[in-house]
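Hi,

Here's the structure I promised to pass along. Have a look first, and my notes on what turned up follow below.

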Amino acid sequence: MSLLEVRHLSTSFFTPAGEVRAVNDLSFSLEEGETIGIVGESGSGKSVTAYSIMQILTHPGRIIGGSIKYDGEELVGCTDKTISSIRGNKISMIFQDPMTSLNPVYTVGNQLEEAIMLHTKRDKAQSRKRAVEMIRLVGINDPDKRVRQYPHELSGGMRQRVMIAMALACEPNILIADEPTTALDVTIQAQILELMKALQQQLGLAIILITHDLGVVAGMCESVLVMYAGKIIERGSAEDIFYNPKHEYTKGLLRSLPSIGSDKENERLIPIAGTPVDMLMLPAGCAFLPRCDRAMKICIYETPEELGINEGHYASCWQNVKALLQADELPEHQIEESRE
Amino acid sequence: MTNGQAAGLLQTEDLKQHFLIPTGFLKSKTIRAVDGVSFSIRSGETLGLVGESGCGKTTVGRTLLYLYKPTGGRIHFDGKEIRSEESIREMRKKASIVFQDPYSSLNPRMTVEDIIAEPLDIHQIVKTKQERSHRVRELLDAVELPHEHAGRYIHEFSGGQRQRIGIARALAMGPKFIVCDEPVSALDVSIQAQIINMFEDLQAELGLAYLFIAHNLNVVRHISKRIMVMYLGKVVESAPAAALCDSPMHPYTKSLLSAVPIPDPHKERSRTRIVLEGDVPSPMDLPGGCNFRTRCPEATSRCAEAAPPLTGCGTDRQAACWYI
């Protein structure tokens, strides 16, 4: 049994303009000590997936189907008491912007103590001790002084360290990091990522890392989920995704990145055409169709099913089905029409 | 960068921008946002400017266009020194800027046509309504937006489209030089490449020079001919793009490059990373001597005594470090 199992999760936002299916039939599982990366552009449903797991969706968002099991225990539709015992205790989360996630009118120590006292049986003095311990653990020097400081007195990198300290104070098994380094400079980003790796080794954490930066994913994650318009369109090991992408979106994303030290430094970039999908007006077939340059007729009518490429590597693209049919020299029926 | 002074479209000499920040009653502190920066840009060339937040890269861009009046140094643009009101007005016809955030840099109450035509109105370039709308449509073509968009408001557009509108506005006067201040940082990865290609196409077509400011080294490396690295108001290294990325000389450039994540799992996991200790010092409270010495893995007592000057080292490149 996996540590976390998400099956057919769907989350919708019921807006005045209509229902927005932000997460659509999403399944994945997370093993102990594993790091899984979720990539995709803004609006692809990465953060909503995290919020659904933590059950911190706000109105008008609601989980409308599927199941999320932590260690065998169902979280969808569970009581408040159950989720309170898991949120922060077993699964914690850090957010993109460490300034808005910390309360400006309480000291750092105060906020850490609050979290610790809420989730464990420690008293005030023990909590303070634990807070200092945690601040030291995340590599902030002079922890006794730092716990008495307010968030505005700390730099962006240090605030993110405090967030990590708070998330890990109750020894969770899973850390969900939602764009943890997006707001930080590259040299500080390197520090925070190194810290997360070190703490993972030390504490045996499983990490779900949500990011749009494929470089960060390449360095941190064993497996990767690529999301587009609320769906996982490709998943596999980091090697599968980076060296053998099988969905046109993933391929396009990798092609469009300029990168230092690659052979094509000065070549013209190959962008993905068009604009990000409008979630209120999803096409009937494949959501990536309007931007895909290898689209076929079937892509207009039918959503591609997930197809196994090899063990652990799956992609949802009709091109793979076509390739498979051609390889096996099976009679092509629906799929023979090539692109228009 | 003393070479090519004559051919340069834009030169700065010892450009300074110090801000006075009040710290109490009748007390204030000086922030040396830009502290003695000299460079030149030739027409049709892209100079990349990188550095972490707070290093002064945006201030350089804005000071060049006299959006802030420089507190020291000189700017020459197109053969003339920029100082008098007259020269500033003339310069702004030929130099413009594209901002980072396409959400806050475009007025939500104006139509796309009015936004793009605003520079034309200010400089009284177009005489008739027809001429104005004709020019706006030309500009929409240049940034590959359909003409129907002219009458719409900004909230109807995505980030990438808004940045195209921002570029159209910058092109309105037919400039020779554009300051691109983090123009793709706020955009989705899949859209970034579109906008970068557009900058390159426009440069080839119109012979534009760019000062391309960004914190993403991958992007700057791709688009620039030369790259300048800033740290706390000073240029620490300046070199042709390939040389800078392949063989960085300044310890800060080295660590910056080693911190950039590479989208390739094997390369990314096999390389050794220089992780800098600590944070960037507050610009109100500089360490004295070399600004980088508090985080530099190679710092010695000499670095505390005096700041190293930017000196030539090898062909067409400079670095500011005592140990190069």
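Helix 1 of chain B (residues 57–64) lies across strand 1, strand 2 and strand 4 (72–77) of that chain, and it runs at about 115° to strand 1 of chain B. Bear in mind as you read on that this is a predicted model.

The sheet in question is an open one in chain B, built from 4 strands in the order 2-1-4-5 with antiparallel pairing. At its edges stand strand 2 (27–42) and strand 5 (80–81) of chain B. Each of those has a single partner strand, so one side of each has no neighbour in the sheet. Strand 1 (residues 8–24) of chain B pairs with strand 2 of chain B in the antiparallel sense, over 13 bridges.

Over in chain A, have a look at helix 4 (residues 108–119) and helix 7 (residues 156–168). Their axes come within 9 Å and cross at roughly 20°. Angles under 35 degrees count as roughly parallel, so that is the label for helix 4 and helix 7 of chain A. The crossing of helix 4 of chain A past helix 7 of chain A is right-handed. On the helix 4 side of chain A, the contact is made by A:V108, A:Q111, A:L112 and A:A115; helix 7 of chain A brings A:V162, A:A165 and A:M166.

Now the aromatics. Searching the whole structure gives 11 aromatic pairs over all chains. One of them is B:F199 with B:F212, edge-to-face, at 6.0 Å centre to centre and 90° between the planes. That pair links distant parts of the chain: B:F199 sits in helix 6 (residues 189–206) of chain B and B:F212 in strand 8 (residues 209–213) of chain B, 13 residues apart. Buried or exposed, B:F199? Buried, with a relative accessible area of 1%, and B:F212 is buried too, at 0% relative accessibility.

Then there's B:Y252 with B:F292: the ring centres are 5.1 Å apart and the planes are at 65°, so this pair is edge-to-face. Here again distant parts of the chain are linked, with B:Y252 in helix 9 (residues 251–259) of chain B and B:F292 in the loop between helix 10 (265–270) and helix 11 (301–305) of chain B, 40 residues apart. B:Y252 counts as buried at 0% relative accessibility, and so does B:F292 at 2%.

Last one, back in chain A: A:Y228, A:Y249 and A:F288 form one aromatic cluster.

Cheers

Terms used:
Residues are numbered from 1 along each chain as its sequence is written. Chains are lettered from A and ligands numbered from 1 in the order in which they are written. This is a predicted model: local features need pLDDT of at least 70, side-chain atom pairs count only at pLDDT 80 or more; totals for chains, interfaces and linings use all residues. Side-chain values use heavy atoms; hydrogens and water are left out. Rings of Phe, Tyr and Trp (its six-membered ring) pair if their centres lie within 6.5 Å; planes under 30 degrees apart count as stacked, over 60 as edge-to-face and the rest as tilted. Helices (H or I, at least four residues) and strands (E, at least two) are DSSP runs, numbered from the N terminus. Buried means under 20% relative accessible area, exposed over 50%, partly exposed in between (1.4 Å probe, protein chains only). Two strands pair if DSSP finds at least two bridges between them. Contact means heavy atoms within 4.5 Å. Axes are lines fitted to C-alpha atoms, for helices over the stretch in contact, and angles run from 0 to 180 degrees between N-to-C directions. Angles under 35 degrees count as roughly parallel, over 145 as roughly antiparallel, 65 to 115 as roughly perpendicular and the rest as oblique. A crossing is left-handed if the near helix is turned anticlockwise from the far one by less than a right angle, and right-handed if clockwise.
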